[in-house]
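Please read the following structure with attention to its fold, its packing and its local backbone geometry.

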Amino acid sequence: MEIDEKRLRKLESKVLAYRIRIKDADQRKIYDEVFDESTLLTIYGMMSSGILNTLDFPIATGKEGNVFRATTADGDFIAVKIYRISNSTFNNIQKYIAGDERFKNVGKSRRRAIFLWAQKEYRNLERMASNKIKAPKPIKCQKNVIAMEYIGVDGNPAPHLKDVEIRKPGKLFKTLFGHIKSMYQDAKLVHADFSEYNILMIDEEPTIIDVGQAVLTKHPMASEFLDRDLKNLVRFFKKHGISKDAETLKSDVVGDG
Ligand SMILES: Nc1ncnc2c1ncn2[C@@H]1O[C@H](COP(=O)(O)OP(=O)(O)O)[C@@H](O)[C@H]1O
Ligand SMILES: [Mg+2]
C-alpha cells in the first residue's frame with residue numbers, strides 16, 4: 001500500500017502523538033505496523049465521535065491484528081481490536097473468503113475483505129450478546145477497527161484459561177460446555193477456534209473471545225468446526241481430571257442425542 005508519508009506524519013503529530021501512548025521501541029514497532037493512514041483516520045474518527053479518548057497500550061499482537069486497551073472520556077476502559085491492513089498476512093483470509101457465496105461482491109480488494117471480516121466478528125459479538133453468552137459486548141465497528149467491552153480487572157487484561165489455576169474443573173467444564181451449546185442452539189453459531197487461548201478468566205468466570213471466524217450453524221463446515229471445538233474442550237479438561245466424550249457432547253449440542 002502506498003502511504004503519503006507527509007500527510008501521515010502531519011496527522012500523527014496533530015492528533016495521535018497525544019492520544020496514542022507509546023512507551024518504548026517495541027510499542028513503536030507495533031504502532032508502525034498497525035497504523036497505516038486509513039487506520040489512523042478510522043481511529044481518529046472514533047476519537048472524534050467519543051467512542052474512545054486514548055489508546056493506552058497493546059494487549060496482544062496477533063497474526064492478523066492487534067488488540068489495545070483504550071480509555072473513554074469517562075475514564076472507562078474498552079478493548080480495541082485492529083485488523084492490520086498494511087501487512088500481507090491477511091492473504092490467508094482472502095483465500096478463505098474467495099469462493100464463498102456471501103463474499104462474492106468483495107472482489108480482489110484485500111481492504112474490503114478485511115473490513116468485512118471485522119464486520120463479521122462484530123455481528124458475531126452482537127449475536128453472543130443478544131443471547132446472553134459471556135463475550136465482550138460490542139460497542140462499534142468501523143472499517144478494520146472493532147471497539148468492544150474490555151475484559152479485565154483493575155485495568156489489567158484478564159488472563160487466558162491456559163494460564164490460570166482451576167479450582168473447580170467440573171463446574172468450569174459445565175459452564176463452558178453450556179456456552180458452546182447455547183452458541184449453537186440460541187445464537188446459531190459455532191466458534192471454530194474454541195480453545196484455552198480464546199477464553200479469558202475473571203475469578204472462575206470464563207468469557208469467550210475471538211469470534212471473527214465463528215460460522216453460522218448452517219455453514220457447510222459447521223459440523224466439522226464443532227467437532228474440533230469439542231475435541232479441544234475435552235482435551236483441555238482431560239488434563240484437569242474430567243473425562244468426557246466429544247461425540248456424546250456433540251449429540252447434546254446439536255440436540256439429536
Ligand atoms: N475484549 C477484550 N478484553 C481484554 N483483552 C482482550 C479482549 N479481546 C482480546 N483480548 C486480548 O487480545 C488477545 C488477542 O485477541 P483475539 O481476539 O483472540 O485475536 P487473535 O487471537 O485473532 O489475535 C486475546 O488473546 C486477549 O489476550
Ligand atoms: Mg485469539
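Me: How is the model to be read, and how many helices and strands does the protein have?
Reply: This is a predicted model, in which local features need pLDDT of at least 70, side-chain atom pairs count only at pLDDT 80 or more, and totals for chains, interfaces and linings use all residues. Residues are numbered from 1 along each chain as its sequence is written, and chains are lettered from A and ligands numbered from 1 in the order in which they are written. Helices (H or I, at least four residues) and strands (E, at least two) are DSSP runs, numbered from the N terminus. On that basis the protein comes to eight helices and 11 strands.

Me: What percentage of the residues in the protein is buried?
Reply: A residue is buried if 20 or more other C-beta atoms lie within 10 Å of its own, exposed if 12 or fewer, and partly exposed in between, the C-beta atoms being placed from the backbone. Of the 257 residues in the protein, the buried ones make up 32%.

Me: In what order do the five strands of the open sheet lie?
Reply: Strands pair if DSSP finds at least two bridges between them. The edge strands, each pairing on one side only, are S1 (54–61) and S4 (138–142). The pairing is antiparallel, and the order is S1-S2-S3-S5-S4.

Me: Which residue of S5 is the bridge partner of Cys141?
Reply: S4 pairs with S5 (residues 145–149) in the antiparallel sense over four bridges. In S5, the partner of Cys141 is Ile146.

Me: What angle does H5 make with S4 where H5 packs on the sheet?
Reply: Angles run from 0 to 180 degrees between N-to-C directions, and axes are lines fitted to C-alpha atoms, for helices over the stretch in contact. Contact between two residues requires their C-beta atoms, placed from the backbone, to lie within 7 Å. H3 (residues 37–48) also packs on the sheet, touching S1, S3 (77–83), S4 and S5, and its direction makes about 40° with that of S5. H5 (residues 110–130) touches S3, S4 and S5, and its angle with S4 is about 165°.

Me: Why do the buried residues of H6 line one face of the helix, and within what arc do they fall?
Reply: In H6 (residues 169–185), the buried residues are Leu172, Leu176, His179, Ile180, Met183 and Tyr184. An α-helix has 3.6 residues a turn, so residues three or four places apart point the same way. The face turned away from the buried side carries the exposed residues Gly170, Lys171, Lys174 and Gly178. Seen down the axis of H6, the buried residues line one face because their arc, that of the directions from the helix axis to the C-beta atoms, is within 135°.

Me: How are H6 and H7 oriented to each other?
Reply: The two helices pack at an angle of about 175°, with their axes 11 Å apart. Residues making the contact include Phe173, Leu176 and Ile180 of H6 and Leu226 and Leu233 of H7. Angles under 35 degrees count as roughly parallel, over 145 as roughly antiparallel, 65 to 115 as roughly perpendicular and the rest as oblique. H6 and H7 are therefore roughly antiparallel.

Conventions
Expected span 1.5 Å × (residues − 1).
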